[in-house]
Each structure stands twice: as C-alpha cells, then as structure tokens.
Amino acid sequence: MRRQIIGAVMLAAAGTFALTAPAEAATGLLVVNGVPHQNPQRGCYPTSSPVTVHNRTNTVVLVHAAANCQGPVTAEVEPGRSATTFGASYFVF
C-alpha cells in the first residue's frame, strides 16, 4: 500500500513538471532606455517613464502603465519596431 501511494505521488509530480513550460529567453537584442539586454528572459521588468523600447528580438514587448506589469498597456512593441511611451514596467514574451 505504501509503495502504491509513493508511486502515485511520484507520477503526479512528474505530470506537473511535464505540464509547466520552461522559462525561455527571447532571441535578439532589446534596448530599454538605452540599456541593452541580449536574449532577455521572459518576464516582467521595472523601468522609468518615459520609456523608449527598441525591440530587435523575436517576440512582442508590452509596456504597462503601472509597476509589476499592472494597469493598461501603453505600447505593444512588435519585433523590429521601436516605441517611446510612458510606463513603469514592461513584459517580454
């Protein structure tokens, strides 16, 4: 009985790990307020306003009005594009 419970727990844990997506980096160069970020990791980052984004990565970058990628999106910067807007954080996909 104990082996069955341990086996079930291990199987459930393996299933959980299989379903979680690994953190991946964008490929390319992202320049935010003059600071270069080569292959930035997916996630939310703080910034100061106004914010200038030069997106030379393979993914979209969203600029948010508030910290922690909260509030409305003030700019959606597609790969190969640049934007200047106001914002307190940005999200790299």
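Cys44 is partly exposed, at a relative accessible area of 34%. Cys69 is buried, with a relative accessible area of 13%. Cys44, at 34%, falls in between, so the label is partly exposed. These values come from a predicted model.

## The disulfide

Cys44 and Cys69 are joined by a disulfide, with an S to S distance of 2.1 Å. The count for this model is 1 disulfide. The link ties distant parts of the chain together. Cys44 sits in strand 3, which spans residues 43-46. Cys69 lies in the loop between strand 5 (61-64) and strand 6 (73-77). The two cysteines are 25 residues apart.

What is the handedness of the disulfide between Cys44 and Cys69? The torsion about the S-S bond is about 105°, so the disulfide is right-handed.

## Chain layout

The chain has 1 helix and 8 strands. The order from the N terminus is α-β-β-β-β-β-β-β-β.

Contacts between residues at least 6 apart in sequence show how far the chain reaches: 51% of them join residues at least 24 apart.

## Burial and surface

The chain has 93 residues, and 28% of them are buried.

Definitions and conventions:
Residues are numbered from 1 along each chain as its sequence is written. This is a predicted model: local features need pLDDT of at least 70, side-chain atom pairs count only at pLDDT 80 or more; totals for chains, interfaces and linings use all residues. Side-chain values use heavy atoms; hydrogens and water are left out. Helices (H or I, at least four residues) and strands (E, at least two) are DSSP runs, numbered from the N terminus. Buried means under 20% relative accessible area, exposed over 50%, partly exposed in between (1.4 Å probe, protein chains only). Contact means heavy atoms within 4.5 Å. A disulfide is a pair of cysteine sulfur atoms within 2.5 Å.
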